[in-house]
Amino acid sequence: TMKVYLGDSDPGAGWEHFSNLPNLAKKVLDAEATEVYCKYFLSKYSYQDLPKVIDLLVSKVRKGGKIRFFDLDFDMVARQIFREEQPIDLVNSHIFRDTKGLNSLINLETVRTALPSNFKITTMNYGSDTFTLEAERIQ
């Protein structure tokens, strides 16, 4: 089994760690990974590039395998700012400290609608300002 992690932090034992797409494309075959986990990874790419990025990521998942996205949800961030639920300094600290290299504002819906039809969504959750989306490749 191959478990792939894309993000800045250390994923721990058992994961192949990649911090960029070119390395992933070279070292992981199509349909090789049993699990792909993207943590604060999609927002590093421009909004216009997201469909291509997601297409590459899902191509690495084998049938029955899972892909999981964890990232900032800018609908949730905007709501917190608008409702003054979090001080703006704390929001800024979280966005720019945790995401390191933010290049796009995304939300769960952006990712959900970009997934191909051969993936079935198994989990969608919101945190205070993040989302988690998990999907399984069904064919």
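Arginine 79 has a relative accessibility of 30%, so arginine 79 counts as partly exposed. Here buried means under 20% relative accessible area, exposed means over 50%, and partly exposed lies in between (1.4 Å probe, protein chains only). The model is predicted: local features need pLDDT of at least 70, side-chain atom pairs count only at pLDDT 80 or more, and totals for chains, interfaces and linings use all residues. Residues are numbered from 1 along each chain as its sequence is written, and side-chain values use heavy atoms, with hydrogens and water left out.

Arginine 79 has a partner. Its side chain meets that of glutamate 85 in a salt bridge, at 3.3 Å from N to O. A salt bridge is a side-chain nitrogen of Lys or Arg within 4 Å of a carboxyl oxygen of Asp or Glu. Glutamate 85 is also partly exposed, at 38%. Side chains of opposite charge can pair when their charged atoms come close. By the salt-bridge rule, the count comes to 9.

Now turn to the strands. Helices (H or I, at least four residues) and strands (E, at least two) are DSSP runs, numbered from the N terminus. Two strands pair if DSSP finds at least two bridges between them. Strand β3 (residues 33-39) runs parallel to strand β4 (residues 61-72), and 6 bridges pair them.

β4 has another partner, strand β6 (residues 130-137). These two run antiparallel, with 7 bridges. Follow isoleucine 67 in β4. Valine 36 stands opposite isoleucine 67. In β6, the bridge partner of isoleucine 67 is alanine 135.

Arginine 68 and glutamate 35 form a salt bridge of 2.8 Å, N to O. Arginine 68 sits in β4 and glutamate 35 in β3, 33 residues apart. Arginine 68 is partly exposed, at 22%. Salt bridges with shared partners join Glu35, Lys66, Arg68 and Glu134 into one network.

Which side chain does aspartate 8 meet in a salt bridge? The partner is lysine 44, at 2.8 Å from N to O. Aspartate 8 lies in the loop between β1 (3-6) and β2 (16-18), and lysine 44 in the loop between β3 and α2, so the pair ties together parts 36 residues apart in sequence. Aspartate 8 is partly exposed, at 41%, whereas lysine 44 is buried, at 17%.
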